[in-house]
Amino acid sequence: MDSRAAVIAIIVKRNESANEINAVLHEYGEYIIGRMGIPYHKKNINIISIAIDAPQDIINTLAGKIGRIEGVTTKTVYSPE
């Protein structure tokens, strides 16, 4: 299956969700190119970006699992095929 590059943007409103997010990211670690996390104290949120290279269904599954965690929002941007 062909892979695509993508960026998953994650906004975390609950610090308690961090362990669950990290567990999911660890599960898909073989596909992750890199990640960056930025605490934004003014808004009391954390912003995480995940660069990934994987088949589209893997990317969708990862983003969906993270997006179902309480207090977390995700959006994904894909490279052209």
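This is a predicted model: local features need pLDDT of at least 70, side-chain atom pairs count only at pLDDT 80 or more; totals for chains, interfaces and linings use all residues.
Local features were taken at pLDDT of at least 70 and side-chain atom pairs at pLDDT 80 or more, while totals for chains, interfaces and linings use all residues. Residues are numbered from 1 along each chain as its sequence is written, and side-chain values use heavy atoms, without hydrogens and water.

The chain holds two helices and four strands. Helices (H or I, at least four residues) and strands (E, at least two) are DSSP runs, numbered from the N terminus. Their order from the N terminus is β-α-β-β-α-β. The radius of gyration, taken over C-alpha atoms, is 12 Å; this is close to the 12 Å of the globule rule for 81 residues, so the chain is as compact as a globular protein of that length. That rule is 2.2 Å times the number of residues to the power 0.38. Along the principal axes, the C-alpha atoms fill a box of roughly 40 × 20 × 15 Å.

Buried residues (under 20% relative accessible area, 1.4 Å probe, protein chains only) form 28% of the 81 residues. Ser17 sits in the loop between β1 (3-12) and α1 (18-27). Leaving out residues up to four places away in sequence, Ser17 touches Val12, Ile69, Glu70 and Val72.

Methods:
Buried means under 20% relative accessible area, exposed over 50%, partly exposed in between (1.4 Å probe, protein chains only). Contact means heavy atoms within 4.5 Å.
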